[in-house]
Every structure is written in structure tokens, then in C-alpha cells.
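Subject: Structure handover

Hello,

I am passing on a structure for you to look over. My notes on it follow below.

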Amino acid sequence: MASLIDLRSINRVYEMGGESLYALKNLTLSIDTGSYVAIMGTSGSGKSTLMNIVGCLDRPTSGSYSLDGVDILRCSDDQLAEVRNAKIGFVFQQFNLLASMTAIDNVMLPMVYAGVPKVERYNRAVQVLEQVGLGSRLYHRPNQLSGGQQQRVSIARALANKPSILLADEPTGALDSHTAEDTMHLFNELVSHGITVIVVTHDQDTADHARRIVRMRDGEIVDDTVCS
Amino acid sequence: MGLAELFLIAWQGILSNRLRSSLTVLGIVIGIASVITLMGIGEGAKLEAEKQVQALGVNLIYIRPGSIGTSGVSMGQGTAPTLTYEDVLAIKENCPAAEDVAAQYTSSLQIQAGEKNTLTTVVGTDPSFPDIRNFHTAQGRFFTVQEANDSARVCVVGDGVVEDVFSGASAVGKKLLIRGELFTVVGVMEHKGANATGDQDDQVFIPIQTGYSTLFGLNLVSGRAVKSILVQAKAGEDLQAQFQITNLLRLRHNIQSPDGDDFTIRTQMDILQTAQSITGVFALLLGATASISLLVGGIGIMNMMLVSVTERTREIGIRKAIGAKYRDILMQFVFEAIVLSLTGGIFGILLGLGSAYWVGSLGQWTTVVTPSSVVLSFLVSLAIGLFFGIYPARKAALLDPIVALRSE
């Protein structure tokens with residue numbers, strides 16, 4: 001069976017003052033459905049670039065990328081937006097919630113862009129917010145919630161359109177260790193429901209929860225370990 | 001996304017910076033309000049001019065003597081005494097489309113009653129004058145056909161003359177000296193106000209035959225000139241009347257080519273058109289002035305939208321990351337601009353209606369706000385939002401999601 005994510009010979013080159021900088025160098029990586037992968041590396045190792053490409057926010061300079069059977073390099077900007085909307089849920093380090101909206105409005109936003117009918121949108125938003133333990137905070141704005149709660153709203157938003165991949169960029173970077181632990185347990189639970197979770201981090205404790213750790217340096221994969 | 005949803009998103013964006021949004025809206029409010037008010041003043045002037053022309057009478061045709069002139073140098077209309085009272089009688093006799101005819105000979109003369117005297121315009125005319133000019137007596141009566149034929153020494157005075165020489169007391173039956181000749185006042189005209197030709201209330205009307213024999217120094221031998229002829233055409237026959245009169249006068253004056261006419265003939269329609277073209281230019285100028293403030297308001301919207309796009313780059317990045325397409329972002333910001341300008345438009349229309357009413361109540365100007373100017377203002381404010389919103393919205397929609405997400 002083909003992998004969910006299949007990256008082959010990916011190069012991502014930035015032209016800077018006549019020099020070519022390789023953020024990703026001839027990178028090949030496959031990730032199967034239902035895996036829990038941590039991508040590790042120091043800053044400048046190319047892990048963020050890799051996350052942007054996997055998340056369809058950026059296109060590789062060369063190589064091929066097939067996501068759930070879709071050839072990403074052939075997609076227009078709007079088609080990429082559709083792929084992000086339907087298949088990928090993002091969890092950002094700074095949560096990136098819209099400050100003027102309540103928790104439930106934030107969670108309903110991806111469904112607005114997907115064209116989900118209003119009632120269904122509302123029901124589904126309540127359901128995912130309950131799933132992350134925020135059933136009693138539906139109408140709070142981000143500034144009325146703690147960091148851990150904001151993180152959970154952003155996870156709920158990522159899950160709203162039932163994506164196959166949850167892509168988390170330094171999900172524990174802004175949280176205390178206790179809340180970080182809770183988030184990791186939540187990710188474990190999602191994986192057990194069949195969602196593929198990819199965590200980009202430089203933190204070993206965070207990475208230890210994953211079942212597979214991919215280490216990067218200078219745009220290349222230097223280590224790929226499946227934990228027992 | 002449905003319209004209601006777009007409207008809601010736009011509204012949230014606007015509310016997120018109330019002060020700035022209100023100031024931007026204010027620009028449009030002022031622009032639309034001045035358009036409504038100034039167009040109201042322009043329309044009012046147009047209506048006022050039409051009313052004045054209508055007040056001249058119904059189906060009126062106005063004939064004046066031509067000008068003296070050689071090789072392109074004209075001395076001005078009415079300088080050649082080419083129309084005579086015989087022309088008036090001929091028109092009455094021979095033009096079936098002419099309902100009624102009245103000659104006019106005016107002269108500026110001194111009048112006196114008791115110890116008071118003043119200089120006024122004495123008009124020699126026919127008994128048909130009040131009906132043709134739609135200008136009637138308020139007290140007493142106009143002079144009769146009999147009095148005209150007898151060259152009776154009777155006169156009818158304007159209500160301004162009553163003020164001047166009779167100190168406002170009832171004038172009917174009193175004696176009035178016109179350049180030393182004794183006349184009896186038989187009537188007082190209604191108040192009419194001033195028009196383009198002067199104060200219509202500062203006039204004394206006498207039978208034209210009496211004028212010829214006593215005051216004007218004209219007789220059958222010297223030729224009984226008239227200064228203008230008023231013709232009331234039969235209803236719906238203005239053009240026939242104009243045609244018949246032109247041909248008759250050419251025949252009587254031995255004129256071969258149309259260029260050599262020694263008279264000018266204007267219908268009420270001509271006068272109306274002249275008045276309309278003048279007030280039309282006036283209205284256009286007012287409208288153009290107001291449009292400038294509207295343009296400035298539109299630029300205000302564009303400015304605010306550009307600042308808003310820059311400030312909300314991160315929000316745009318987030319929206320794009322979770323699946324907003326080019327069109328979604330474009331519509332969000334275009335809608336925001338349109339909601340701003342339409343809000344301004346609606347308040348501007350209300351303010352404009354109020355201020356047009358206020359200007360009208362001052363009494364100097366008549367203001368008329370037509371429904372079409374309200375609809376036009378509404379559509380213009382919609383167009384402003386669209387026009388000035390589309391550039392900032394495109395800028396937002398074209399943002400690279402990664403760059404946008406990274407911005408603070």
C-alpha cells in the first residue's frame with residue numbers, strides 16, 4: 001500500500017544574492033497512515049521548511065510529493081488551500097487563534113471555508129471542543145483562556161474538518177511541562193483514533209512520545225529511528 | 001460562503017477598530033451628504049426657473065423687433081422699430097392658430113398721485129393681456145375693449161406702485177398723473193414678483209391706443225411701433241402658430257430669405273430650454289464640486305484598507321493556512337470596504353436630506369431632493385467601496401501564507 005505522505009528527492013533552494021542555499025537537500029521521506037512522527041533538529045536544520053512543504057504551504061523547488069495519492073506539485077494555489085483545508089490540521093507554537101473570535105468561532109472557521117452547513121458546523125465544533133476538554137469554554141475569547149487552553153482550542157480547530165494529518169510546529173514550546181504532558185497525551189489519543197501526527201520540535205521530551213523520530217541537519221535526514 | 005457570512009466577517013473586521021472605521025465612514029458621509037444637498041439645490045434652481053417660465057402664461061409666443069446692423073455689427077435686439085400695431089391686427093385677423101394677441105409698448109415715465117411721485121414703467125397693451133400673461137387684477141378690473149377703442153384715460157397699477165404713490169391705501173377710483181396726463185385707476189394687479197425682465201409689480205398698464213394718442217408720441221403718420229407682441233397659441237398648436245406668424249410677418253415685411261428676418265420669435269418652449277440649459281450647467285457644477293469630496297472619501301477608504309491589510313497580515317496567513325482560497329480573502333476585504341462605504345452612504349443620504357431641508361428652510365434657495373439622486377448616491381457609494389477596496393483586497397489575497405504567518 002502506498003504511503004500517506006511520499007516525498008522523493010525533494011530540494012528546496014533559496015536564491016540569495018546570487019548564491020543558492022539548500023534548505024532541503026535531496027530529501028526522501030515516507031510516512032504511513034496512523035503513525036506518530038517527531039521531526040527533530042536545531043534551528044536552521046530545515047525542519048520548518050520540511051513542515052511547510054508537508055503542510056502544503058510551500059512547494060519544493062524539485063522532487064515529487066504525493067499526499068494521499070494527490071500530486072502536490074501539480075496543484076494550483078487554490079487547490080493547495082483545499083488540500084490544507086480538508087486533509088491537514090495545523091497546530092502552531094503561538095496557537096495562532098484569531099483574537100477577535102470566540103473559541104467556537106475559531107473552531108468553526110475551517111468549516112466555513114469548507115462550506116459546511118451552519119448547524120453541522122456548530123455541532124461539530126462543540127463536539128471537538130468537548131473532545132479536547134473545553135466543553136465549558138465555548139464562548140471565551142483567546143485572551144480569556146490560559147496557554148494550555150488556547151493550545152487545545154487550536155488542536156480542536158485543527159481537527160474540525162476531520163483531517164488525516166495533524167501537523168504540530170513546536171506544540172509545547174509555549175507551555176509549562178505539565179500542560180505539555182497533557183498535550184502529548186492528547187496526541188497519543190488522536191493517533192489511536194487513526195490520525196497521523198507529525199510533530200516538529202527541538203525538544204527531546206516532546207519527541208520521546210512519538211513512535212518514530214526523524215533527525216535532520218543541514219537540510220538532510222541524518223537519523224530515522226522507529227521506537228519500540 | 002454566503003453573503004450573510006461575508007457580511008458578518010466584514011462587520012467583525014470593522015468593529016475590531018471602531019474609531020478608525022468611524023472616521024473613514026465620516027469621509028463618505030460628508031461626501032454623499034454634500035452631493036445630495038448640492039444636487040438638491042441644483043434641482044431646486046431648475047424647478048424655480050421652470051416655474052417662472054410657466055408663470056409667463058400658457059402656450060405663449062413672444063415676438064420682438066429685429067436688430068439694426070450692417071455686416072455683422074448688431075445694435076442689439078429691438079433696436080429697429082420694425083413691428084407695428086398693424087402687424088398685431090394682422091396676426092389677430094389672419095393666424096387661425098393664434099388664440100389671442102396682445103401688443104406691448106413700454107416707456108419709462110414719471111407718475112404722480114397727490115404729493116408723491118416716482119419713475120415707473122408704463123405699459124401700453126390690449127385688454128387681452130391679463131389672460132395671455134396669466135397676470136390678473138387683485139382689486140377692481142382690467143380696462144375693457146370698449147375703453148381701449150375709445151382711448152379712455154384709465155389705468156391699472158401694479159401693487160408696487162400702490163405702495164410707492166398711494167402709500168398702500170386702496171387705489172381703485174383714485175386719480176393718477178402720468179407725465180402730466182390725468183388717468184383714473186380702475187384696478188390693481190396681483191403681486192407677481194420680479195422675473196428676468198425686471199420688477200413686474202412696478203408697472204402701470206394703460207390701453208395702447210390711449211398711449212399712442214397721449215404719451216408715446218406715436219401716431220398713424222409716424223407709425224405705431226410696438227416693442228413686443230404676445231401671442232397665445234391654441235392648445236397644442238404652438239408650432240402651427242409660430243409657422244403662420246413667421247410667414248405672415250415675412251409677407252408683410254417683404255422678406256425673401258429666412259436670414260433677413262427683421263423680427264425674432266420665441267416660444268415658451270425656447271425660453272424654457274434656455275433656462276434649463278443654464279440651470280443644468282449650474283447643477284452639474286454643484287454636482288462636480290461635491291464629487292471631489294466623495295473622491296477624497298474613497299481614497300480614505302483605500303488608505304484604511306491598506307493599513308488594515310498590513311496590520312492583519314498574520315490573520316490572513318492563519319486563514320490561508322486553514323484553507324481560505326484567494327477568493328475568500330479577496331471577498332472578505334472587498335466586503336469590508338463596501339460595508340464601510342455603504343454605511344457612509346446611508347448616513348450620508350440621511351444627513352444630506354436633513355441639510356437640503358435645512359437649506360430650503362432658510363428661504364434663499366429652493367431645494368428638491370429627487371429619488372433618483374438618492375438612488376444614485378447609494379449606487380455611487382457601493383461603487384466607491386468596490387473600486388477603492390479591490391486593490392487592498394487583492395494585495396491581501398495574494399499574500400504568501402508562510403510570509404504572512406511569520407509576520408508579527
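B:Arg179 sits in the loop between β8 (175-178) and β9 (181-189) of chain B. Helices (H or I, at least four residues) and strands (E, at least two) are DSSP runs, numbered from the N terminus. B:Arg179 is not a glycine, yet its phi is positive, at about 45°. Most residues other than glycine have a negative phi. B:Arg179 counts as exposed because 12 C-beta neighbours lie inside 10 Å. The cut-offs are these: a residue is buried with 20 or more other C-beta atoms within 10 Å of its own, exposed with 12 or fewer, and partly exposed in between, the C-beta atoms being placed from the backbone.

Some notes on reading the file. This is a predicted model, in which local features need pLDDT of at least 70 and side-chain atom pairs count only at pLDDT 80 or more, while totals for chains, interfaces and linings use all residues. Residues are numbered from 1 along each chain as its sequence is written, and chains are lettered from A and ligands numbered from 1 in the order in which they are written.

Confidence. The model has an ipTM of 0.92 and a pTM of 0.73. The average pLDDT (the predictor's confidence in each residue, from 0 to 100) of chain B is 86, and 95% of its residues score at least 70. Within chain B, strand β12 (residues 203-207) has the highest confidence, at 94, and strand β2 (residues 67-70) the lowest, at a mean of 52. Where pLDDT is low, the predicted coordinates should not be read in detail.

Chain B overall. It contains 13 helices and 14 strands. Its C-alpha atoms fill a box of roughly 105 × 55 × 35 Å along the principal axes. The radius of gyration of chain B is 33 Å, whereas a compact globule of 408 residues would be near 22 Å; the radius is taken over C-alpha atoms, and the globule rule is 2.2 Å times the number of residues to the power 0.38. Of the 408 residues, 41% are buried.

The contact between the chains. Chain A gives 19 residues to it and chain B gives 16; two residues are in contact if their C-beta atoms, placed from the backbone, lie within 7 Å. On the side of chain B that touches chain A, α1 (3-15), α10 (313-321), α11 (326-361) and α13 (401-406) of chain B each give two or more residues. The most come from α10(B), with four residues.

Cores. A nonpolar core is a set of buried Ala, Val, Leu, Ile, Met, Phe, Trp, Tyr and Cys residues joined through C-beta atoms within 7 Å. The largest has 119 residues, of which A:Val107 and A:Ala156 touch the most other members. Helix α2 (residues 18-54) of chain B supplies the largest share of this core, 14 residues. Apart from it lies another core of 53 residues, including B:Ile61 and B:Val188.

Strands in chain A. Strand β3 (residues 36-40) and strand β9 (residues 212-217) of chain A run parallel, joined by four bridges; strands pair if DSSP finds at least two bridges between them. A:Ile39 is opposite A:Val214 in β9(A). β9(A) also pairs with strand β10 (residues 220-226) of chain A, antiparallel, over six bridges. In that hairpin, with two residues between the strands, A:Asp218 has a positive phi near 50°.

Regards
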